[in-house]
Amino acid sequence: MTAQSTTPGTTPNTTPTSLTARLNHAQPYALGLFRIVVGLLFACHGASSLFGLLGGTSIPAGTWPGWYAAVIQLGAGVLVLAGLGTRSAAFLASGSMAYAYFKVHQPESLFPIQNGGESSAMFCWAFLLLVFTGPGALALDRLFGAGETTDAKAREERGTPVAA
């Protein structure tokens, strides 16, 4: 008699448990919802800075770096929200937030909680995650057949989750 080893979330015959299977099936939708929320929040931040909407004050056109950051926030936020060119837009947005953190916030203090850079740090890492995971479900890229490799399509058809 041989002992079978099992990994967490599987039964001895390596069949995923019901909860794990359901969560894996919902993963693209959760990722899509994450992308939509992050894109909407980023676009609202840009619109607030550019047009003075949502209680913000508008930045004079051409002011460095604030006005250019606001343009990136609005443009990249809308693209990420819609799921168009998600990886490229998220890469640009992540870089702009890294710049904002290290040039504006970090000189004041090392930690985001001390220098007011929490939102810059969170947006930077959230967008960097989208660079590597892609748009998830409900993205317009899927309508045009762009932004997804054959491997990713095959993985989705098999129901195999992206390794974390």
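Predicted model: local features only at pLDDT ≥ 70, side-chain atom pairs only at ≥ 80, totals over all residues.
**Entry 1**

**Entry 2: the length of H3**

I then checked the helix from end to end. H3 runs over residues 86–105, which makes 20 residues.

**Entry 3: the buried side of H3**

Which residues of H3 are buried? I listed Thr86, Ala89, Ala90, Ala93, Ser94, Ser96, Met97, Ala100, Tyr101 and His105. Looking down the axis of H3, I saw these buried residues fall within an arc of 165°, so they line one face of the helix.

Next I asked what the buried residues of H3 pack against. My list of partners is helix H1 (18–51), helix H2 (66–82), helix H4 (112–115), helix H5 (118–133) and helix H6 (141–144).

**Entry 4: a closer look at Ser96**

Is Ser96 buried or exposed? Its relative accessible area is 13%, and the cut-off for buried is under 20%, so Ser96 counts as buried. Leaving out residues up to four places away in sequence, I found Ser96 touching Phe42 and Ile72.

**Entry 5: the nonpolar core**

Phe42 turned up again when I looked at the largest nonpolar core, which has 16 residues. The members touching the most other members are Phe42, Val80, Ala90, Met97, Phe123, Phe127 and Leu130. H1, H2, H3 and H5 each supply at least two residues of this core, and H5 gives the most, with six. I recalled that in soluble globular proteins nonpolar side chains tend to be buried together.

Setting aside neighbours within four places in sequence, Phe127 is in contact with Val38, Phe42, Val80, Ala90, Ala93 and Ser94.

**Entry 6: aromatic rings**

How many aromatic pairs does the whole structure hold? My search found seven. In one of them, Trp64 and Tyr68 have ring centres 5.6 Å apart and planes at 55°, so I noted the pair as tilted. Trp64 is exposed, with a relative accessible area of 60%, while Tyr68, at 38%, counts as partly exposed. Trp64 and Tyr68 also belong to one aromatic cluster with Trp67 and Tyr99.

How values were computed
Residues numbered from 1 in each chain as written. Heavy atoms only, no water. Helix = DSSP H or I, 4+ residues; strand = E, 2+ residues; numbered from the N terminus. Expected span 1.5 Å × (residues − 1). Buried < 20%, exposed > 50% of the residue type's maximum accessible area, 1.4 Å probe, protein only. Arc of directions from axis to C-beta. Contact = heavy atoms within 4.5 Å. Core = buried A, V, L, I, M, F, W, Y, C linked by side-chain atoms within 4.5 Å. Phe/Tyr/Trp six-rings, centres within 6.5 Å; stacked < 30°, edge-to-face > 60°.
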